[in-house]
Amino acid sequence: MSKHEKILITGGAGYIGSVLVQKLMEAKKMWNIKGPSREWATPNIRSFEKITVYDNLMYKQTPLTQYCYRGDEFEFVRGDVRDQEKLLKYVQEADVIIPLAAIVGAPACDRDKELATAVNYEHVKFCCDNAQPHCKIIYPNTNSGYGVGDKGVECTEDTELKPISHYGKTK
């Protein structure tokens, strides 16, 4: 990655996103202090220019407030990933997209399948369809997409998807 990577993290104020942002900010600080070391010689995400977190704060969480003063390196956008008109600008500016926004778990997805589909699937598809050609999309996934495997057979990324819940189908 070049030194001027712009990272978009949808759902970035959630549990995984807030930890990820913290780790990226710490890694960037070390990168800036030490410079690229031998172990970091290959292009990597530590040399990003800016992280944009796009989140609707559904659970009124505030784990990222310590970064808000770093306007040149961090931007928080309060928005719903279903608002494609608003999201489009950030998707098109990104060099890396990490779509973490999700309705998590089978019970929550079963309560509102339309919402789960829009957030868990359609927003990710929108990001993929509208990202710049050079953009990298890092898609963390859950094992729920694989469903129940065969006994004694290790599940890999090549394993056939057999989701058993709406959550798994949307992920």
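Start with accessibility. Buried means under 20% relative accessible area, exposed means over 50%, and partly exposed is in between, with a 1.4 Å probe and protein chains only. Take Lys125: at 38% relative accessibility, Lys125 counts as partly exposed.

Now the ground rules. This is a predicted model, so local features need pLDDT of at least 70 and side-chain atom pairs count only at pLDDT 80 or more, while totals for chains, interfaces and linings use all residues. Residues are numbered from 1 along each chain as its sequence is written, and side-chain values use heavy atoms, with hydrogens and water left out.

Next, the overall layout. The protein has 5 helices and 5 strands. Helices (H or I, at least four residues) and strands (E, at least two) are DSSP runs, numbered from the N terminus. Along the sequence the pattern reads β-α-β-β-α-β-α-α-β-α. There are 171 residues in the protein, and 42% of them are buried. Now contacts, meaning heavy atoms within 4.5 Å. Among contacts between residues at least 6 apart in sequence, 67% join residues at least 24 apart.

On to salt bridges. The definition is a side-chain nitrogen of Lys or Arg within 4 Å of a carboxyl oxygen of Asp or Glu. How many salt bridges does the structure hold? The count is 4. I'll show three of them.

One is Glu75 with Lys50, where the closest N and O atoms are 3.3 Å apart. Glu75 lies in strand β3 (residues 74-78) and Lys50 in strand β2, so this pair ties together parts 25 residues apart in sequence. Glu75 is partly exposed, at 21% relative accessibility.

Another joins the side chains of Asp80 and Arg82, at 2.7 Å, N to O. Asp80 has a relative accessible area of 21%, so Asp80 is partly exposed. Arg82 is partly exposed too, at 44%.

Then there is Asp129 with Lys125, at 2.7 Å, N to O. Both sit in helix α4 (residues 113-130), 4 residues apart, so about one helical turn separates them.

Now a charged residue without a partner. Glu5 is found in the segment before β1 (6-10). Which side chain of opposite charge is nearest to Glu5? That is Lys136, 4.9 Å away. For charge, Lys and Arg count as positive and Asp and Glu as negative; His and the chain ends are not counted. Glu5 is buried, yet has no salt bridge. What does Glu5 contact, leaving aside neighbours within four places in sequence? The answer is Phe48, Glu49, Lys50, Asp95 and Val96.

Aromatics next. A pair of aromatic rings is described by the distance of the centres and the angle of the planes. Here, rings of Phe, Tyr and Trp (its six-membered ring) pair if their centres lie within 6.5 Å; planes under 30 degrees apart count as stacked, over 60 as edge-to-face and the rest as tilted. A search of the whole structure finds 1 aromatic pair. The rings are those of Tyr54 and Tyr90, with centres 5.9 Å apart and planes at 55°, so the pair is tilted. This pair links distant parts of the chain: Tyr54 in strand β2 (residues 50-55) and Tyr90 in helix α2 (residues 84-93), 36 residues apart. Tyr54 is buried, at 0% relative accessibility. Tyr90 is also buried, at 11%.

Two more residues. Thr170 is found in helix α5 (residues 166-170). Is Thr170 buried or exposed? At 6% relative accessibility, Thr170 counts as buried. Not counting residues up to four places away in sequence, Thr170 touches Ala116, Thr117, Asn120, Tyr121 and Tyr139.

Pro133 is in the loop between α4 and β5 (136-137). At 80% relative accessibility, Pro133 counts as exposed. Pro133 and Gln92 are 41 residues apart along the chain, and their C-alpha atoms are separated by 9.7 Å.

That's the tour. Questions, please.
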